[in-house]
Amino acid sequence: MCGIVGFIGMPVKGTLITDSLKKLEYRGYDSWGVAFLSKGRIESFRAVGSINKIPKKIQEISSNLAIGHTRWATHGRICKNNAHPHLSSGNDITLVHNGIIDNFSELKTRLSGNSFNSDTDSEVILKLIEEKMDSGSDLLHAVSFAVSLLKGSFALLVFSSIEPAKLIAVKNESPLLLGVSDKGIFAASDQIPLRNFTDRFVFLEDGDIALISKNSFECFDFSLNPVERKIIKVESNVTSSGKLKYSHFMLKEIMEQPFVLKDVLVQDKKNFSEISFLIKKSNLVFIANGTSFNACLFGKEFFSRIAGINPRVIEASEFPYELDFLPENSLIFALSQSGETADVLDSVRKARKKGFKIISMVNVFNSSLVRLSDKVIYLNCGEEIGVASTKAFTSQIALLFLLANSFAGKFDSALIELNSVSSLMQQAIDFNLDSVKALSAKIKSFGDVYFIGRNLNYAVALEAALKLKEISYIHAEAFQAGSLKHGPLALISKGIPVIVVAPKDKVFSDTINNAIEAKSRGAFIVGVSNESNEVFDFFIKLPKVNELLFPLVSIIPLQLLAFHTAVFLERNPDRPRNLAKSVTVK
Ligand code: G6P
């Protein structure tokens, strides 16, 4: 979703800001814009679509104060006027915003004497600042006044040509951090665009205003009382952040899963025992969205099979409605790759207010979820850029397996077992690399694709269907294999692909019977298994592995299937339409 960058420091080329903004593309966006202070005036540029043709005027500009924005439309349609940065009527104040202002209609009524250039909630903030500055206030006090009136989530960057030595950053329930470098001070939605410039970050807290100059910063609360925020040095991630030899980030992230697993498994045993101890005393509730939600389903199965407890799994957007019915000893276990997903953060904040403890499993260092948690397990799988989550998913499964085993006193043996899965994941790739591409060439012509599985493998089916639909836009749905005859069989017509996730386990023959039922009605059966069967029209062959860890190998060819299908259909798997990597609004 919306991404923001800002800079104040020594004069830099305009392309430094657009290049940084490009690094936020992965969050998802539909339009973009930049504003620079140049020769005492604000120069701005906005466009709908991708950041590709950078106008000459930006390429040539040299500026020491700039802001930029990628917009994922919420309030107001996708058009140039709704893109950020917004400019005041005197062209002397400019602002970018990520988040949603809940009371914007009320505020717009209050500002009814003003003329607005956009339909966005963000422009209301700018008008409040403008009004205050027009009545004699300085920029900092005007921003403090405006934000004290806002309800909702907002990360803001603001500067004014009237006070050209200041960049102001505000954070409230939307991500924003500062990066301190030799060139000057940056602000951004996350660390990724700043990695080339610094490893020193300031993680702003909700309710912070930062007043930034070219070589220093001060932080305040919304009433302008000083607050202390430290610079934290963050080591670079384990994997390279580029695409390397791959055409897309998603392909790179799928292919690196076997060796990333080794990094993921470097975990602190003591942290796992402390978390296990907390779980022992509690009613465990998993919450997450999207792929992380699917990973929670494995957490539930691992805890019930290995640890003998039966946790609940609640989709984070539904969690607030369940909150009042949870037992007092509930322990909320939140999973999130980004640590910035708005529904997860909202649920966690509400759970904390009720006095529940929070454990999280997160990839991004010191993200908002980390700061709301009592204990954290880091995925350590390196930056994940593709919108469709892949390596974070397998990392989550591996660590949930490790945690359930730690709870059962088997941390060390589970660690050995998990380490041995790495080469089996590689085999899952090697066995199927070309054949899955050929299967994609067939699948791409279908409007519907179904996935079936039983228990753990139903969760694999859910995740495989999510991958296919989100990047290829083909309707893909998962069913519990046994439920086919209670409705879904009516959907089967000649040639429809049914992908059957069925390892050789004690329910193998039941699942095969369901595949036969579908085949008898004309379905084209793709078997995903470590055992061939005559019902399979196409076989995705997998190595033998402990049945609880089969998902770690079976999901990989299914991720590749989704990837190649999207590419055949000329859809960019890294940036699927309408979707965002980091969903920072509810
Ligand atoms: C978005 C992304 C998904 C992701 C989900 C949860 O919907 O497109 O890929 O699984 O958010 O993200 P999180 O960062 O909380 O795991």
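Predicted model: local features only at pLDDT ≥ 70, side-chain atom pairs only at ≥ 80, totals over all residues.

A polar backbone atom of threonine 291 sits 3.0 Å from an oxygen atom of the ligand. Move to serine 292. There the side chain takes part: one of its N or O atoms is 2.6 Å from a ligand oxygen. Then threonine 341. A polar atom of its side chain lies 2.5 Å from an oxygen atom of the ligand. How much of the ligand does the protein bury? Taken alone, the ligand exposes 390 Å², and the protein buries 90% of that.

Now the whole shell. There are 13 residues around the ligand. The nearest are Ser292, Ser336, Gln337, Ser338 and Thr341. By class, the shell has nine polar residues, three nonpolar and one charged. Which element gives the largest share? Helix α9, residues 290-307, with three residues.

Stay on helix α9 for a moment. Phenylalanine 293 is in that helix. Beyond four places in sequence, phenylalanine 293 contacts Ala288, Val313, Ile314 and Glu315. Glutamate 534 is 241 residues away from phenylalanine 293 in sequence, and the two C-alpha atoms are 34 Å apart.

Back to glutamine 337, one of the nearest shell residues. Where is it? Glutamine 337 is in the loop between β18 (330-336) and α11 (342-353). Is glutamine 337 buried or exposed? Its relative accessible area is 10%, so it is buried; the cut-off is under 20%. Leaving out residues up to four places away in sequence, glutamine 337 touches Ser292, Val362, Asn363, Val364, Glu384, Ala392, Gln396 and Lys581. Note Ser292 in that list. Ser292 is also among the residues nearest the ligand.

Next, the protein overall. It has 17 helices and 25 strands. The radius of gyration is 25 Å, close to the 25 Å that the globule rule gives for 586 residues, so the protein is as compact as a globular protein of that length. The C-alpha trace spans about 80 × 50 × 45 Å along its principal axes. Of the 586 residues, 61% count as buried. Take contacts between residues at least 6 apart in sequence: 70% of them join residues at least 24 apart. The protein exposes about 21,900 Å², and carbon and sulfur atoms supply 50% of that.

Not counting residues up to four places away, alanine 502 touches Phe508, Thr511, Val528 and Ser529. Isoleucine 452 is 50 residues from alanine 502 along the chain, with 8.5 Å between the C-alpha atoms.

Last, some backbone details. The peptide bond from histidine 84 to proline 85 is cis, with omega near 0°. Proline 85 is in the loop between β4 (62-71) and β5 (86-87).

Two residues other than glycine have positive phi. For lysine 39, phi is near 50°. For asparagine 366, phi is about 55°. Both sit in loops. Lysine 39 is between β2 (31-38) and β3 (41-48), and asparagine 366 is between β19 (357-362) and α12 (368-371). Lysine 39 is exposed, with a relative accessible area of 83%, whereas asparagine 366, at 12%, counts as buried.

Note on methods: Residues numbered from 1 in each chain as written. Heavy atoms only, no water. Near = heavy atom within 4 Å. Polar contact = N/O pair within 3.5 Å; in protein donor to acceptor, adjacent residues only side chain to side chain. Areas by Shrake-Rupley, 256 points an atom, 1.4 Å probe, with all protein chains shown as cover. Helix = DSSP H or I, 4+ residues; strand = E, 2+ residues; numbered from the N terminus. Nonpolar A, V, L, I, M, F, W, Y, C, P; charged D, E, K, R; others polar. Rg over C-alpha atoms; globule rule 2.2 N^0.38 Å. Buried < 20%, exposed > 50% of the residue type's maximum accessible area, 1.4 Å probe, protein only. Contact = heavy atoms within 4.5 Å.
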